[in-house]
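Reader: I would like to learn how the features of a model such as this one are read, with the criteria stated as we go. Could we take them one at a time?

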Amino acid sequence: MRQRTVAWLAVVVLALGAAGCATRSYYFGNRLNDLADVVQVELTFGMGVEAHVKLTDLLNLGWGFSKSRGFVMDGRRVGVGQRSTGAIIPFPGTSDVELTDASWLWEPPPPPGEAPSETADQKKWADRPRSSWGSMLDIEAGLTLLAGVHLGVSPLEAVDFIFGIFAVDLADDDVKPPPPAKPPPGK
Ligand SMILES: [Ca+2]
């Protein structure tokens with residue numbers, strides 16, 4: 001088993017060595033994003049008192065009321081977001097975060113000569129939500145009392161990260177490198 005893992009790693013390293021610089025940067029960029037997808041961290045500020053907990057998609061609970069705003073890292077998406085919790089104690093409600101201004105830890109580089117925000121690839125990338133497959137077994141908990149803290153881990157995203165090292169994209173969330181430019185006709 002260990003020998004097979006080492007052999008796989010050797011294949012990946014050799015393939016990366018043979019691949020172009022762009023392919024290598026996509027490989028490491030995708031690994032960084034896959035690793036980031038494993039964690040959720042929030043530090044928000046606002047009015048209200050609440051506690052929330054999520055144990056997989058089957059159980060997502062919140063108690064209390066609050067609307068708080070601040071730093072949100074939802075996997076590879078990092079930026080400013082708002083968490084809203086609404087429930088009449090002791091009846092459970094829900095707690096959700098919405099990113100209002102987000103960027104990505106790693107984004108595909110724009111093709112040479114194009115402005116970053118103008119490329120179709122980047123627009124497509126920015127619209128892409130986190131895969132529902134990857135978040136199915138997420139475990140999260142948080143508390144707000146003027147300041148709010150929220151922490152979470154995603155076991156399935158950890159599995160996707162490990163497979164990603166061997167160039168297997170289980171969550172289908174890797175950005176594919178653009179095809180190499182065609183040589184001009186007649187050459
Ligand atoms: Ca992936």
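Reader: How many residues does H1 have, and what distance does it reach from its first C-alpha to its last?

Author: Two remarks on the source come before the answer. This is a predicted model, in which local features need pLDDT of at least 70 and side-chain atom pairs count only at pLDDT 80 or more, while totals for chains, interfaces and linings use all residues. Residues are numbered from 1 along each chain as its sequence is written. Helices (H or I, at least four residues) and strands (E, at least two) are DSSP runs, numbered from the N terminus. The expected span of a helix is 1.5 Å times one less than its number of residues. H1 has 17 residues and reaches 24 Å from its first C-alpha to its last, which is close to the 24 Å expected at 1.5 Å a residue.

Reader: Which elements does the protein chain contain, and in what order do they run from the N terminus on?

Author: The protein chain has five helices and five strands, and from the N terminus on they run α-α-β-β-β-β-α-α-β-α.

Reader: How is burial defined, and what is the count of buried residues in H1?

Author: A residue is buried if 20 or more other C-beta atoms lie within 10 Å of its own, exposed if 12 or fewer, and partly exposed in between, with the C-beta atoms placed from the backbone. Across the protein chain of 187 residues, buried residues make up 25%, but H1 is hardly covered, for the count of buried residues among its 17 residues is zero. Leu9, which has its place in H1 (residues 2-18), counts as exposed because it has 12 C-beta neighbours inside 10 Å.

Reader: Which residues of H5 are buried, and what covers them?

Author: In H5 (residues 155-165), the buried residues are Glu157, Asp160, Phe161 and Gly164. These residues lie on the same side of H5, because they cover an arc of only 100 degrees around the axis, the arc being that of the directions from the helix axis to the C-beta atoms. The cover over the buried residues of H5 includes helix H2 (21-36) and helix H4 (132-135).

Reader: What share of the contacts in the protein chain joins residues 24 or more positions apart?

Author: Two residues are in contact if their C-beta atoms, placed from the backbone, lie within 7 Å. Of the contacts in the protein chain with a separation of 6 or more, 58% are accounted for by residues 24 or more positions apart. A separate distance, taken C-alpha to C-alpha, places Leu9 and Ala167 9.8 Å apart in space, although 158 residues apart in sequence.

Reader: In what order do the strands form the sheet, and which strands stand at the edges?

Author: Two strands pair if DSSP finds at least two bridges between them. Here five strands form an open sheet in the order E4-E3-E2-E1-E5, with antiparallel pairing. Strand E4 (94-104) and strand E5 (139-153) stand at the edges, each with a single partner strand, so one side of each is left without a neighbour in the sheet. From one strand to the next, the twist averages 35 degrees, where axes are lines fitted to C-alpha atoms, for helices over the stretch in contact, and angles run from 0 to 180 degrees between N-to-C directions.

Reader: How many bridges join E1 to E5, and how many join E2 to E3?

Author: Strand E1 (residues 39-55) and E5 are joined by 14 bridges and run antiparallel, with Ala51 opposite Leu143 in E5. E1 also pairs with strand E2 (residues 59-74) in the antiparallel sense, over 16 bridges, and there Phe45 has Arg69 in E2 as its bridge partner. The antiparallel strands E2 and E3 are joined by 10 bridges, with Val72 opposite Gly79 in E3.
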